[in-house]
Structure formats: structure tokens, C-alpha cells
Amino acid sequence: MRKLIAAMKISVDGKYEGPDGYADWVHGWSDDYGITPQIDACVLGSRMYDGYEPYWTAIGDHPDEPLPQTGAAPTPGELEWVDFARKTPHYVVSTTKSAAAWPNTRFLRGLDDVAALKSRPGKDIYLMGGATLTGAALDAGLVDEIRLIVYPLIAGDGPSLFATASVRHPLELRKFEQLPEGRLSYVYDIG
């Protein structure tokens with residue numbers, strides 16, 4: 001069976017965004033979790049899709065222009081990710097959405113559909129978030145691995161990544177790496 005790999009960028013205090021609804025400490029949203037070669041599908045929640053689609057569309061449509069969300073030019077990694085992402089099926093978990101501007105997007109109506117996707121043949125699946133979907137998928141026993149990039153920052157106000165998980169989940173550290181700028185990369189198997 002395919003693995004469902006949840007991967008997120010967080011602050012030291014476990015926040016995935018600040019009080020303004022954005023993780024302003026993240027300077028590039030491209031895949032640097034090392035999972036691109038092993039995945040062939042991405043799953044995300046409907047609220048996350050609302051920010052994902054315009055962000056990556058802007059990069060794909062205007063790769064030489066500053067991003068409206070950040071004012072910064074896309075990073076080389078973001079340019080690589082947008083090419084990969086446009087070819088890769090994206091599944092949005094939503095009970096209400098039925099149309100998407102992002103290419104190759106399909107809709108799943110709940111966690112049973114995520115479980116069905118895991119049972120199909122293929123490579124592993126990247127669970128991009130958001131936090132509500134990640135917590136629900138974790139509690140449902142669907143997440144096999146968690147990859148975190150932790151930024152050296154206490155964000156203070158803002159939502160915590162695992163605030164919606166209602167069950168204790170032991171983790172087994174499989175890999176640890178120190179990244180540039182004081183960031184840390186963790187890869188955990190679900191115990």
C-alpha cells in the first residue's frame with residue numbers, strides 16, 4: 001500500500017502560520033522535504049487549496065515576477081516545484097468544492113476517499129495539509145510518516161499544527177538533519 005506522508009514547515013513552538021494567517025518566516029515553499037522522487041499525488045484540504053492554487057499559479061504564469069503574496073521573486077526550488085506540481089495529480093478533500101483552476105485537480109469527499117486513494121497502485125502520496133486535514137488523517141490512522149522542517153523561531157500567536165489531533169500518536173525518529181539558517185529537518189514514522 002502507498003504511504004501517506006504529511007510534511008509541513010513549522011516554528012519551534014509548532015505553529016504553521018502566524019497571527020496574520022501566513023507563515024512569514026518561510027522564504028520558499030518548494031518541496032525541500034526530499035519526497036518529490038517518491039510521490040505521484042498530492043492531497044490537501046480545501047482551505048489550504050484556496051491559498052495554494054493562486055500562489056503556484058502566479059509562479060507558473062509569471063516566473064520572473066515578484067509574488068503578490070510575498071513581494072519576493074520565486075526561488076529556483078519553487079520554479080522546479082511548479083513544473084512538477086502541474087503534472088502531478090492533486091486531490092482536494094472538500095465536501096463543497098467541485099471546480100478547480102489548478103491543472104490535474106480532483107476532489108475527494110472525505111477520509112474514506114483518502115484511504116481508497118492509498119489503496120490504489122502508485123508511488124507514495126504527499127499530504128500537504130492543512131492542519132485540520134492532517135490532524136483528522138492522523139487520528140484516522142491514514143498517515144504513515146511525518147516530515148517537518150522546523151524554523152528557529154517562536155511564532156507566538158497562531159495555530160499549532162497538531163492542535164486538531166485528538167489521539168496520542170507515538171513517533172519514531174527515522175532521520176534528522178540540520179539545514180542552513182538554523183532550520184532542522186525531522187522524518188518520523190508513526191509508531
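Trainee: Where in the chain is glycine 130 found?
Mentor: Elements are taken from DSSP runs, with helices (H or I) of at least four residues and strands (E) of at least two, numbered from the N terminus. Glycine 130 sits in the loop between β5 (124-129) and α4 (131-139). The peptide bond leading from glycine 129 to glycine 130 is cis, with omega near 5°. Please note that this is a predicted model, in which local features need pLDDT of at least 70 and side-chain atom pairs count only at pLDDT 80 or more, while totals for chains, interfaces and linings use all residues. Residues are numbered from 1 along each chain as its sequence is written, and side-chain values use heavy atoms, with hydrogens and water left out.

Trainee: How is burial to be read, and what share of the residues is buried?
Mentor: A residue is buried under 20% relative accessible area, exposed over 50%, and partly exposed in between (1.4 Å probe, protein chains only). Here 45% of the 191 residues count as buried.

Trainee: What do contacts say about sequence separation?
Mentor: A contact means heavy atoms within 4.5 Å. Of the contacts between residues at least 6 apart in sequence, 70% join residues at least 24 apart.

Trainee: How many aromatic pairs are counted?
Mentor: Rings of Phe, Tyr and Trp (its six-membered ring) pair if their centres lie within 6.5 Å; planes under 30 degrees apart are stacked, over 60 edge-to-face, and the rest tilted. The count comes to 8 aromatic pairs. For tyrosine 52 and tryptophan 102, the ring centres are 5.7 Å apart and the planes stand at 75°, so this pair is edge-to-face. The pair links distant parts of the chain, 50 residues apart: tyrosine 52 belongs to helix α1 (residues 46-61), and tryptophan 102 to the loop between β3 (90-93) and β4 (105-108). Tyrosine 52 and tryptophan 102 are both buried.

Trainee: Which geometry do tryptophan 81 and phenylalanine 84 adopt?
Mentor: Their pair is tilted, at 5.2 Å centre to centre and 40° between the planes. Tryptophan 81 and phenylalanine 84 lie 3 residues apart in helix α2 (residues 76-87), so about one helical turn separates them. Both tryptophan 81 and phenylalanine 84 are buried. Tyr33, Trp81, Phe84 and Tyr126 form one aromatic cluster.

Trainee: Which backbone angle deserves attention at asparagine 104?
Mentor: Phi of asparagine 104 is near 60°, a positive value in a residue other than glycine. Asparagine 104 lies in the loop between β3 and β4, and its 30% relative accessibility makes it partly exposed.

Trainee: Is glutamate 181 buried or exposed?
Mentor: Glutamate 181 is exposed, with a relative accessible area of 62%. This residue is located in the loop between β7 (171-178) and β8 (184-190). Phi of glutamate 181 is near 65°, again positive in a residue other than glycine.
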